[in-house]
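Subject: Structure for you to look at

Hello,

I am passing on a structure that you have not worked with before. Please open it first and then read the notes below it.

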Amino acid sequence: MAKTFYFTTPLYYVNAPPHLGGTYTTIVADTIARYKRMMGFDVKFFCGTDEHGQKIERAAKKEGLEPKALADRVHKLYLELWKSIGIEYDEFVRTTEPRHDLAVIELYTRAKASGYIYKGAYSGWYCVSDEAYAPESDPSTPAKCPDCGRLTEWFSEESYFFKLSAFQDRLLELYEKNPKFIRPESRRNEIASFVKGGLKDLSISRKTLKWGIPLPDDPSHVFYVWFDALTAYLTGAGFKVDDVKFSKYWPGEHLVGKDILRFHTVYWPAFLMAARRTEDVEVARKRSGSVYTE
Ligand SMILES: [Zn+2]
């Protein structure tokens, strides 16, 4: 039986039309996928669009559209572009598909059962008119809104957190024992020194946002950014929906640009470790070269 190769591009965000950076990454990924097919691998090549979140909610509002209508329009642009330049994906995941809700909720439920989710408060500089936080988080220096330029207000809201701080040692051990987990080596060193500097817990939900997947045990919150978006890689492999497909293709390999390296090499393996069940560890041990291998 042919060896499998599950390979992903990043999910592109639908608040704006496709851009050159994503197109470049996707062409490189498609080239690698073609090479693997020629080498006899059973390839599952993943593409997708990230369709939730505040930026999309706001971009839609500006145009007088529902977020889903904007997502549909931009998603279609991606499909047309990939077709016109000959991208041959096997799987396309939209984070607004019901099968993706199932994957996110399962990941969350498992992480929570393992004690890695807790309720806290998220604080930051918030623009009331744009309903958005500024990127600066120093409480002593008022920040301006990145969109309208007005001064923001210090704001706190209830949020669920992922206990990322508990994974520092396990992540370092992962990079140490699997030198190819992050390539090239210069990026691995960069991430390892970032993790050595200590990890803060990660806010994974928002009450001020409506355009997202509600938390199963507290629907006044929706999942926020990475917990939703990264999980699409599981969705594409059939997680929670098709066990045969999932056990055949998972785990996979991800191709990402350097601007999202940290999310893929720190948050993502930590989420997966938090959600790991004993039987999954056994399966992973039998497979070589995987991100799961201990
Ligand atoms: Zn503003």
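This is a predicted model: local features need pLDDT of at least 70, side-chain atom pairs count only at pLDDT 80 or more; totals for chains, interfaces and linings use all residues.

Helix H10 runs over residues 261–274. At 1.5 Å a residue its 14 residues should span 20 Å, and the end C-alpha atoms are 19 Å apart, which agrees. H10 does bend, by about 25° at Tyr 267, and Pro 269 follows within four residues.

H10 is mostly covered, with 11 of its 14 residues buried. Among the buried ones are His 264, Trp 268 and Met 273. The cover over them includes helices H4 (98–113), H5 (168–177), H6 (185–196) and H7 (226–229), as well as strands E7 (202–203) and E11 (253–254).

The largest nonpolar core has 64 residues, and Ala 111, Ala 270 and Phe 271 touch the most other members. H10 gives the most to this core, namely eight residues. Beyond its neighbours within four places in sequence, Phe 271 is in contact with Leu 107, Ala 111, Phe 227 and Leu 230. Another core, of five residues, lies apart from the largest one and includes Trp 125 and Tyr 133.

In H4, the buried residues are His 100, Ala 103, Val 104, Leu 107, Tyr 108 and Ala 111. Viewed down the helix axis they fall within an arc of 125°, so they line one face of H4. An α-helix has 3.6 residues a turn, so residues three or four places apart point the same way. Pro 98 and Ala 113 are exposed, on the face of H4 turned away from its buried side. Just after H4, Gly 115 has a positive phi of about 90°.

Regards

Conventions:
Residues are numbered from 1 along each chain as its sequence is written. Helices (H or I, at least four residues) and strands (E, at least two) are DSSP runs, numbered from the N terminus. The expected span of a helix is 1.5 Å times one less than its number of residues. The bend at a residue is the angle between axes fitted to the seven residues ending there and the seven starting there. A residue is buried if 20 or more other C-beta atoms lie within 10 Å of its own, exposed if 12 or fewer, and partly exposed in between; C-beta atoms are placed from the backbone. Two residues are in contact if their C-beta atoms, placed from the backbone, lie within 7 Å. A nonpolar core is a set of buried Ala, Val, Leu, Ile, Met, Phe, Trp, Tyr and Cys residues joined through C-beta atoms within 7 Å. The arc is that of the directions from the helix axis to the C-beta atoms.
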